[in-house]
Structures are given as C-alpha cells and as structure tokens.
Amino acid sequence: MKNSLPFVLFMIFLTGTALHAQQDSIPNFPPAEHRLFGFMNEEKNVIKIDLLNIVKTTDGRDFSGVISIGYEQKLSTTWSLNGEVSTAFGVVISPGSKPKTDLGSGQVGVSFGPRFYYNLKQRIGAGTSVNNLSANYFALNIGTRLIQISPGWTATDNTPHFAVDNITIAPLYGFQRRIFKIGYFDINFGFKFSHGDPIRSQVNVTPGVTTAWQFFPITNLRLGIAI
C-alpha cells in the first residue's frame with residue numbers, strides 16, 4: 001500500500017461506472033468526455049474528500065497519512081471560494097493489543113482562497129460546458145497551521161485552544177475535473193511564500209535565522225470523492 005493511487009483510481013472507476021450503468025439502460029463505453037468529467041453537470045458547491053494521501057507510509061502493519069476535506073462554493077459563474085482542512089493521522093497495530101490511533105498530534109492545516117475559472121464563460125457559450133466546478137482556474141491560497149496549546153492553570157486558561165503557527169500565500173494555476181458523479185481530481189502548481197516553517201529554501205532566506213519568509217515551487221494533487 002505504499003502507493004495508493006492505482007487503488008483509488010480503480011475504486012472511483014468502479015463506483016462511477018456502476019452509477020452510470022444504472023442511469024442508462026444501454027451504457028455507452030468508453031464514456032464521452034462530457035460524461036466522464038461532468039462538463040455538462042451544473043453545480044454550485046461541492047464537498048471534496050481526498051483519498052490519494054490517506055495512506056502515505058506503511059510497513060505492512062502500521063500506517064500513516066493525511067486526511068483532507070475541502071469545500072468549494074461558487075460565487076458567480078467564473079469565481080468560487082475554496083477551502084480545505086487537513087490533518088495527519090496514524091494507526092499503530094501491536095500484536096495482542098488494540099490498534100492505537102493518533103489524529104493530527106494537535107496540528108490542523110487550514111487553507112482558503114478564491115478561484116477564477118477564466119475560460120468557463122467561453123466554454124458555456126460554445127456549448128462545451130455548463131456552470132459548474134469542472135474547469136481550469138487561477139487561484140490564490142492563504143493557509144496556516146493551527147497548533148493545539150495545552151490548558152494553563154488559571155480559571156481563564158483552563159481549556160485547550162489552537163494558535164496560529166505559520167502563514168502561507170500561494171498563487172496557483174490548476175484544473176479540476178469531476179469523475180462521473182462521485183469522484184474528482186484537482187491538480188495545481190505554482191509558488192508558495194511561507195513564514196514560520198523550518199528553513200527548506202535558500203531563496204530570500206536570511207542566513208543564521210531559524211524562521212523567515214521562504215519562496216519555493218509547489219504542486220498539489222487531490223483525488224477522491226466529491227459530493
């Protein structure tokens with residue numbers, strides 16, 4: 001299970017094919033592009049559950065990965081607001097004892113920002129798409145990492161809370177497609193400016209400091225269930 005991509009693709013394909021076959025008395029295969037990618041299905045919002053990164057490392061018994069849940073809401077024909085919450089998790093399986101789970105270790109990633117589907121109006125006018133979220137886009141993501149702070153010893157500080165640990169700003173270009181009625185994939189690439197992370201880039205970093213503004217290229221890929 002070191003690479004979950006083939007499994008995720010296979011499960012989405014089987015589920016989508018089954019739903020497609022139920023809708024049509026004589027299923028068409030291979031499906032037309034507009035059916036496969038949902039170009040002609042109108043939608044104004046969607047909940048996205050990423051399955052690609054849910055298992056990233058494993059040794060056959062223990063495994064860990066990232067849980068990511070996103071929500072995107074159309075603001076107009078070409079603009080939308082996209083947000084995502086993600087956290088790491090792990091499962092440790094020991095012989096003779098119950099599995100132990102670790103969700104996030106007190107850390108939660110949050111990102112949001114606008115998306116501009118720049119050619120969607122032209123595609124709608126040409127009859128190759130409708131008002132939906134299956135198109136190419138430009139985006140500006142703003143993100144942060146929330147760290148859980150332990151409760152203190154006073155009456156006003158007796159419950160755990162979250163504090164902002166970093167900040168990221170990322171201009172991106174990407175494309176998002178539906179896979180039949182149940183699935184989606186979303187890939188984007190661009191540059192990220194971040195502050196508060198361990199030093200990983202040598203661009204615009206002040207020598208001798210442990211935190212500074214950094215600048216480096218990034219790529220994000222999501223593949224999973226969309227409802």
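Author: Gladly; we will go from the overall chain to its pocket and its cavity. Keep in mind that this is a predicted model.

Reader: Which elements make up the chain?

Author: The chain has three helices and eleven strands. Along the sequence they run α-α-β-β-β-β-β-β-α-β-β-β-β-β. Of its 227 residues, 34% count as buried. Among contacts with a separation of 6 or more, 59% join residues 24 or more positions apart.

Reader: And how do I read the space itself?

Author: Rolling a probe the size of a water molecule over the atoms shows where empty space is left. Here the largest pocket holds about 1,200 Å³.

Reader: Which residues lie nearest the centre of the largest pocket?

Author: They are Glu 84, Ser 86, Lys 192, Asn 220 and Arg 222, out of 39 lining residues. The lining counts eleven nonpolar, 18 polar and ten charged residues. Several strands supply at least two residues each, including β3 (63-74), β4 (79-92), β10 (183-195) and β11 (214-226).

Reader: What classes do the residues of the cavity lining divide into?

Author: Four are nonpolar, one is polar and three are charged. As for elements, β1 (45-50) and β9 each give the cavity lining at least two residues. Strand β9 (167-179) also supplies at least two residues to the lining of the largest pocket.

Methods
Residues numbered from 1 in each chain as written. Predicted model: local features only at pLDDT ≥ 70, side-chain atom pairs only at ≥ 80, totals over all residues. Heavy atoms only, no water. 1 Å grid on protein atoms, 1.4 Å probe; cavity = no way out; pocket = protein on both sides within 12 Å on 5 of 7 lines; lining within 4 Å. Points joined across faces, edges and corners; volume = space filled by probe spheres on them. Helix = DSSP H or I, 4+ residues; strand = E, 2+ residues; numbered from the N terminus. Nonpolar A, V, L, I, M, F, W, Y, C, P; charged D, E, K, R; others polar. Buried < 20%, exposed > 50% of the residue type's maximum accessible area, 1.4 Å probe, protein only. Contact = heavy atoms within 4.5 Å.
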